[in-house]
Amino acid sequence: TDRENSLIHLMRVNLLKRMESSINSFSLTLIKLIDTNQKIIDMIDNHNDSVFEEASIVDVDIDSDEYASQLIGNKVKVLISDVDKIRWKQDLQSDLDKLEELQADSLEVDSIRDNKLQILKQNIKDKINNPFNRDNKKVIVFTAFSDTAEYLYKNIHQWAKDEFKVESCLITGSGTNKTTLPTKLKDLNSLLTNFSPISKSRDKTDPTATKEIDILIATDCISEGQNLQDCDYLINYDIHWNPVRIIQRFGRIDRLGSTNETIQLVNFWANMELDEYINLESRVSGRMVLLDVSATGEENIIDTQNSNDMNDLSYRAKQLKELQETVIDLEDVSGGISITDLTLNDFKMDLMGYLKTDEAKLQKTPLGIHSVILNQNNSNSAIEKGTVFCLKLLKNEVHTDNYSLEPYYLVYVDEANEIKLGFTSAKTILDIYKNLCMGQDDAMVEAVKLFENETDNYNNMSKYTTQLKTAVESIIGKKEESGMDSLFSRGGTTISSDSISNIEDFELISYLVIK
C-alpha cells in the first residue's frame, strides 16, 4: 500500500511542477497520461483469457512477441490474466474521465489567455525598450522543462523579431536547438557565441560575423560552465526544485569580466504565498522517498501515519526565502537539496560504503568517542566554535514525530551554550560535519592539545557537560537542574536514572568539538 501511495504522490507532484512551469507542459503531460490509460483499457478489452489460461509469469518470455498482447508494464511486466480486470478497468476509466476533464480545461488556456506568458512578454518588452546598460537588449529565459522552452520560443521568437527587430534562439540539447538568426550552425557553442560575442571572443573565432542573438530561451543544459556575461537580464520562468540551481543560472551573467554596470534577476514564483507553496510540496512529496528508503533496510524511517510534515523541507523553505528576499552568492548557500535529501539518503549511501570495508572497526568503537577539529574555513558563518553531540534515545517514552534519524539525535551547541542548530536541522549539521571532517583521516594534534589544556587533561569537563545538558534539554523540551557527569565518566556513558527525569533515556554516542 505504501508503495502504491508513493507512486500516486510522485505522479501528483510531477503534475504540479508541470502546471507551475506552463499550462502547455501540463496539457502535454495530460495527453500522454490519457493515451497510456486508453491503451491499457483497450488491451484489457481485447484480452482473451482462454488463449494463455495456464500461463505463469515465471514461465513467460517477456521479450517474446508471442506474449506482447498478454503483458502490461515497462520494466516490470504483469500478465493481464493475473489482474482483476473488472476492477482495474473501472479505476482506469475513472482516472481517464478526470484526466479528460482536466485536459479540456487546460486546452482552453491558449497563448492569448496565458497570463504568465503575457507577463513574460511584457518584461521582455520593458527591458528592450528601457535598457539599463548602453542599449543592451539581451535577455536569458531559463525553464526546467524542454516542453516549456519550446512553447516560449514558439510564442516569442517571431513576436520579438517583428516588434523589436531582435533575434532569438532556443537551446534544449543536441539536435533540438533553433534560432531566427540566418545561420546553418545551430550547435550549442555557436548559438551561445552569437548571443554573448564579447565573453565568447567571437572576434577571434568568427571575425566576419556581425549579427547577434538577443533573446536566449534555454533549459538547465547551460546552467553551469557558460560565460554569458554580455547579458544583463536573466529570468527564471519556473523555480527549480534545487534552489542552488537558481543561483547557478544567475551565475551565467553574474561573472567576472562583465561590462555591465547593473544586472538583474527575475523569478516567476508560484501563484500563492511561499509558505503555502512549501507546505503543498510537503504534503505531496512526503511518501515518494519510500522508494529510495526501501533499498536501505530502514523501512520505518518515515512514519506512515503522519507524513505531512517533512523536517528537511524547512531547509528548502529557508533557502527559497533567502532567494526571494535577497540575491545571494553561491558560496553563501549552506548546500543544495535534492529529492533524496528528504531521507538523508546521500549520507546513508556513504555509511553503507564505509560498512563494506570498516564494519569491524566501527563495531569495536566505544560509546562516547569524540574528536576535536579546527575550523579552518572562517568565511563560513554557519560554522562556529562549539560542539556537535550525537545522542541515542534508549526508551520509547520520549519521542518526536516525523524525525528521520530517530532514535539518534544530532544537536549543535555553540560556545555561549546556545543551540546553534537543533535536532530538526540534521541535514545541515551533517553538511557541516562533512565539510569539516572529510579527508581528515588522522587526529589533529594541535586541536587535541588545545582541548587537553582547556579541560586539564580531561579532568574538568564541566563546560561540555553543560553543553550536553543544553543539547538534551533541546530534545525533550524541558529545563532540568542536575548535571550529567556520568556521560563522561569511565566505564559507562548513561546518565544515572536518579539524576534527571527523562534524561536517563539518552545515551551519548559521540561528540565533535569545533575550535
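Biologist: Which residues do ring pairs link into a cluster?

Modeller: Tyr409, Phe423 and Phe506 form that cluster through ring pairs. Rings of Phe, Tyr and Trp (its six-membered ring) pair if their centres lie within 6.5 Å; planes under 30 degrees apart count as stacked, over 60 as edge-to-face and the rest as tilted. This is a predicted model: local features need pLDDT of at least 70, side-chain atom pairs count only at pLDDT 80 or more, and totals for chains, interfaces and linings use all residues. Residues are numbered from 1 along each chain as its sequence is written, and side-chain values use heavy atoms, with hydrogens and water left out.

Biologist: How many aromatic pairs does that rule give?

Modeller: The count is eight aromatic pairs. In one of them, the ring centres of tyrosine 409 and phenylalanine 506 are 6.1 Å apart and the planes stand at 70 degrees, so the pair is edge-to-face. Tyrosine 409 belongs to strand S11 and phenylalanine 506 to strand S13, 97 residues apart, and the pair thus links distant parts of the chain. Helices (H or I, at least four residues) and strands (E, at least two) are DSSP runs, numbered from the N terminus.

Biologist: Is tyrosine 409 buried or exposed?

Modeller: Tyrosine 409 is buried, with a relative accessible area of 1%. Phenylalanine 506 is also buried, at 1% relative accessibility. Buried means under 20% relative accessible area, exposed over 50%, and partly exposed in between (1.4 Å probe, protein chains only).

Biologist: And what about phenylalanine 451 and tyrosine 458?

Modeller: Their ring centres are 5.3 Å apart and their planes are at 70 degrees, so this pair is edge-to-face. Phenylalanine 451 is buried at 0% relative accessibility, whereas tyrosine 458 is partly exposed at 30%.

Biologist: Changing topic: which residues have the most contacts inside the largest nonpolar core?

Modeller: They are Tyr412, Phe506 and Ile514, in a core of 38 residues. Among the elements that each supply at least two residues of this core are strand S11 (408-414), helix H14 (445-454) and strand S13 (506-514). The largest share, seven residues, comes from S13. A nonpolar core is a set of buried Ala, Val, Leu, Ile, Met, Phe, Trp, Tyr and Cys residues joined through side-chain atoms within 4.5 Å.

Biologist: Which residues does the second core include?

Modeller: That separate core has 34 residues, including Ile44, Val141, Tyr151 and Tyr237. Lysine 116 lies over the face of tyrosine 237, 4.3 Å from the ring centre. A charge sits over a ring if NZ of Lys or CZ of Arg is within 6 Å of the ring centre and within 35 degrees of the ring normal. Lysine 127 is placed likewise over the face of phenylalanine 132, at 5.4 Å from the ring centre.

Biologist: What does serine 22 touch?

Modeller: Not counting residues up to four places away in sequence, serine 22 touches Thr148, Tyr151 and Tyr237, where contact means heavy atoms within 4.5 Å. Serine 22 is in the loop between H1 and helix H2 (23-46) and is buried, with a relative accessible area of 2%.

Biologist: Which residues of H1 are buried?

Modeller: The buried residues of H1 are Ser6, His9, Val13, Lys17, Arg18, Glu20 and Ser21.

Biologist: Finally, how many helices and strands does the protein have?

Modeller: There are 15 helices and 13 strands. Of the 515 residues, 45% count as buried.
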